[in-house]
Amino acid sequence: MKKEISLRHSRTDNAKSILMNHAERIAGFLSVLVEEEISPLQVLYILQAVLSFIVLVFSVCVPLLLRLLMLAWFIFSLRQCKRAGLG
């Protein structure tokens with residue numbers, strides 16, 4: 001039992017470190033582009049906003065209620081970006 005828990009814990013830590021490593025690389029790239037410091041957390045907010053926008057745009061054949069949920073997700077993503085100091 002303890003071995004399973006530690007194995008799951010190490011997998012999640014490994015996944016988090018991989019995600020943050022990529023976010024740090026993208027943050028460095030975006031910092032150079034916009035000539036302003038961007039943190040890895042801000043990068044994750046930007047990626048969420050981009051993903052929610054793509055899902056919203058390509059949801060043409062989806063029922064209206066689902067499209068409204070996608071619109072709400074996009075608005076929520078933009079508000080998170082603004083709170084993170086991106087807007």
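Helices here are DSSP runs of H or I at least four residues long, strands are runs of E at least two long, and both are numbered from the N terminus. By that rule His-9 sits in helix α1. What you're looking at is a predicted model, where local features need pLDDT of at least 70, side-chain atom pairs count only at pLDDT 80 or more, and totals for chains, interfaces and linings use all residues. Residues are numbered from 1 along each chain as its sequence is written, and side-chain values use heavy atoms, with hydrogens and water left out.

**The overall picture**

The chain has three helices and zero strands, so if you read along the sequence you get α-α-α. Helix α1 covers 2-34, α2 covers 40-57, and α3 covers 64-83.

How does the radius of gyration of the chain relate to that of a compact globule of 87 residues? Such a globule would come in near 12 Å, but this chain has 17 Å. The radius is taken over C-alpha atoms, and the globule rule is 2.2 Å times the number of residues to the power 0.38. Along its principal axes, the C-alpha trace spans about 45 × 40 × 20 Å.

Buried residues (under 20% relative accessible area, with exposed being over 50% and partly exposed in between, using a 1.4 Å probe and protein chains only) make up 17% of the 87 residues. The accessible surface comes to about 7,000 Å², and 69% of that belongs to carbon and sulfur atoms. Those areas come from the Shrake-Rupley method with a 1.4 Å probe; for residues, only the protein chains shown count as cover.

As for contacts (heavy atoms within 4.5 Å), take those in the chain with a separation of 6 or more: residues 24 or more positions apart account for 38% of them.

On the charge side, there are 10 positive and 6 negative charges, and their mean positions are 13 Å apart. Lys and Arg count as positive, Asp and Glu as negative, while His and the chain ends are not counted. Each charge is placed at NZ of Lys, CZ of Arg, CG of Asp or CD of Glu.

His-9 is partly exposed, with a relative accessible area of 49%. Ser-10 also lies in helix α1, and counts as partly exposed at 36%.

Glu-35 lies in the loop between α1 and α2. Is Glu-35 buried or exposed? Glu-35 is exposed, with a relative accessible area of 75%. Its backbone deserves a look too: Glu-35 has a positive phi of about 55 degrees although it is not a glycine. For context, most residues other than glycine have a negative phi.

Here are some C-alpha to C-alpha separations to check in your viewer.

| Pair | Apart in sequence | Apart in space |
|---|---|---|
| His-9 and Ala-27 | 18 residues | 26 Å |
| Leu-69 and Asn-14 | 55 residues | 32 Å |

The structure holds one aromatic pair. Phe-53 and Phe-74 form it, at 5.5 Å centre to centre with 45 degrees between the planes, which makes it tilted. The rule is that rings of Phe, Tyr and Trp (its six-membered ring) pair if their centres lie within 6.5 Å; planes under 30 degrees apart count as stacked, over 60 as edge-to-face and the rest as tilted. The pair links distant parts of the chain, with Phe-53 in helix α2 and Phe-74 in helix α3, 21 residues apart. Phe-53 counts as partly exposed at 44% relative accessibility, whereas Phe-74 is buried at 17%.

Next, the loop between α2 and α3, where you'll find Ser-59. Ser-59 is buried, with a relative accessible area of 4%. Which residues does Ser-59 touch, not counting residues up to four places away in sequence? Those are Arg-67 and Met-70.

Arg-67 is found in helix α3 and is partly exposed, with a relative accessible area of 32%. Leaving aside its neighbours within four places in sequence, Arg-67 is in contact with Leu-56, Ser-59, Val-60 and Val-62.

Leu-69 is found in helix α3 as well. At 54% relative accessibility, Leu-69 counts as exposed.
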